[in-house]
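Reader: I have a model open on my screen and would like to go through its geometry with you. Could you take my questions one at a time?

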Amino acid sequence: MSEIVLESLGKTFGDFTALADMNLTIANGEFMALLGPSGCGKSTTMNMIAGMLRPSCGAIRFNGQDVVDVPMAKRGVGFVFQNYAIFTHMSVRENLAYGLRAQGVPTADIKKRIQAFAELLQLESMLNRRAAGLSVNILQRLAIGRSAILEPAIFLLDEPLSNVDAAFRAVMRSELKSLQGQFGQTMVYVTHDQLEAMTMADRIAVMDHGKLLQVGTPLEIYNNPADTFVAKFIGAPGMNILQGRLSQSADVASVGVPGVGSIPLSPALQSAVRQLTGPEVQVGFRPEQVNVAGAGLTMHVGLVERIGARTIVHLERGETTAKAVLPADVALPKAQSDWTFAVPQEDIRLFDPKSGQALKARTH
Ligand SMILES: Nc1ncnc2c1ncn2[C@@H]1O[C@H](COP(=O)(O)OP(=O)(O)OP(=O)(O)O)[C@@H](O)[C@H]1O
Ligand SMILES: [Mg+2]
């Protein structure tokens, strides 16, 4: 059992606040991704969970017990650093054995576990090779193996795939996921790559500037981002955010985007816009939700990028820009022409232009 609770956790370096008021509960056996841009405080958070960095305020609890005063070696965590630390003068086998030996595991057991993990991580053929001559991809696999072989109750990985090439990253994504499924450790995985977080994590904690912005399952965050930052950070391309103005005709509230068109609001959003103090509002919709058969919105088509099975259409009108992602089987708009489309009412999201916060509406 290893539940991790971060309670009002904070870290300052002199005058600089690297992390402020972080509250997060990571369930036993959960795969939690800490996701955010460079400098947002991901490693700071991880280092505090691991015991390498002392919090300035707040508590860290493992299964209800405050661990702030417990040294790293006694916390029962495995940690794979962004810059993997492999003993290059040792063989792959010796690297894998190192931690087990330090723990006093009997030699016969060490042998068995190395065999099992080498198989799992496809390192069997190179067990006797010296680490010094191995590729970055293999070293990264070894760094993960060396920590995973200790079967820690809590496994912390800080951007373990950022140095490896794209094809290998895709392979490792699924391997790490199945490794965690097999051992059921509580996993905290730091990344700035939203695709990694979306494909692997049970839940994602999105951070920016030392703050936790939203915690949820990948789909919750994709469908109902808490604010415009999360909306744009998740998805490739991210959510379109357009500047709009509320208007009321008869009993129907709609949002007009200058030069683009008008979007009638669903009943849920009609009630949500009542919290706004002025007519300005930000309208969000995902590029994938653009409906080519519909009408109502018109924009100028700039670039049309065909990327294999999908096409990204770059749209503009005056100051307003947006993107549409279209599947292979639809008629594509022509570059440098006007194009009319729609966005289904239920896929429209609204944000307060002052705070960037989502206006709460019924979710679907
Ligand atoms: N020891 C330190 N002294 C002063 N500032 C620090 C220290 N460690 C981190 N910081 C600052 O705290 C902020 C958060 O750093 P952190 O390493 O947690 O970011 P990160 O989200 O892991 O970023 P990256 O994706 O680049 O690894 C950064 O602005 C960083 O410069
Ligand atoms: Mg970092």
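Reader: Which residues is Gln185 in contact with, leaving aside its neighbours within four places in sequence?

Author: Happy to start there, with a predicted model in which local features need pLDDT of at least 70, side-chain atom pairs count only at pLDDT 80 or more, and totals for chains, interfaces and linings use all residues. Residues are numbered from 1 along each chain as its sequence is written, chains are lettered from A and ligands numbered from 1 in the order in which they are written, and side-chain values use heavy atoms, with hydrogens and water left out. Contact means heavy atoms within 4.5 Å. With neighbours within four places left aside, the partners of Gln185 are Gly29, Glu30, Pro152, Ala153, Phe155, Leu179 and Gln180.

Reader: Where does Gln185 lie, and is Gln185 buried or exposed?

Author: Helices (H or I, at least four residues) and strands (E, at least two) are DSSP runs, numbered from the N terminus. On that numbering, Gln185 lies in the loop between α5 (166-183) and β8 (186-191). Buried means under 20% relative accessible area, exposed over 50%, and partly exposed in between, with a 1.4 Å probe and protein chains only. Because its relative accessibility is 4%, Gln185 counts as buried.

Reader: Which residues of the largest nonpolar core touch the most other members?

Author: A nonpolar core is a set of buried Ala, Val, Leu, Ile, Met, Phe, Trp, Tyr and Cys residues joined through side-chain atoms within 4.5 Å. The largest one has 47 residues, and those touching the most other members are Ile144, Leu157, Leu176 and Ile204. Helix α4 (residues 136-148) gives the most to this core, with six residues.

Reader: What does Ile144 touch, not counting residues up to four places away in sequence?

Author: Ile144 is one of the residues that touch the most other members of the largest core. Beyond four places in sequence, Ile144 touches Val80, Phe155, Leu157, Pro160, Met172, Leu176 and Leu179.

Reader: On to the ligand: which residues come nearest to ligand 1?

Author: A residue is near a molecule if one of its heavy atoms lies within 4 Å of it. There are 13 residues around ligand 1, and those that come nearest are Ser38, Gly39, Lys42, Ser43 and Thr44.

Reader: What is the distance from a polar side-chain atom of Thr44 to an oxygen atom of ligand 1?

Author: A polar contact is a pair of N or O atoms within 3.5 Å; within protein, one must be able to donate a hydrogen and the other to accept it, and residues adjacent in sequence count only if both atoms are side-chain atoms. A side-chain N or O atom of Lys42 is 2.8 Å from an oxygen atom of ligand 1, and a polar side-chain atom of Ser43 also lies 2.8 Å from a ligand oxygen. For Thr44, the distance is 2.5 Å.

Reader: How much of the accessible area of ligand 1 does the protein cover?

Author: Accessible areas come from the Shrake-Rupley method with a 1.4 Å probe; for residues, only the protein chains shown count as cover. On its own, ligand 1 has 640 Å² of accessible area, and the protein covers 60% of it.

Reader: Which element gives the largest share of the shell around ligand 1?

Author: Two elements give two or more residues to the shell, β2 (16-26) and α1 (42-50). The largest share, three residues, comes from α1.

Reader: Why is α1 largely enclosed by the rest of the structure?

Author: The buried residues of α1 are Lys42, Thr44, Thr45, Met46, Asn47, Met48, Ile49 and Ala50. Helix α1 is largely enclosed because eight of its nine residues are buried.

Reader: Which peptide bond is cis?

Author: Look in the loop between α8 (228-233) and β11 (240-249), where Pro237 is found. With omega near -5 degrees, the cis bond runs from Ala236 to Pro237.

Reader: Is Glu159 buried or exposed?

Author: Glu159 sits in the loop between β7 (154-158) and α5, and has a positive phi of about 45 degrees although it is not a glycine. Since its relative accessible area is 7%, Glu159 is buried.
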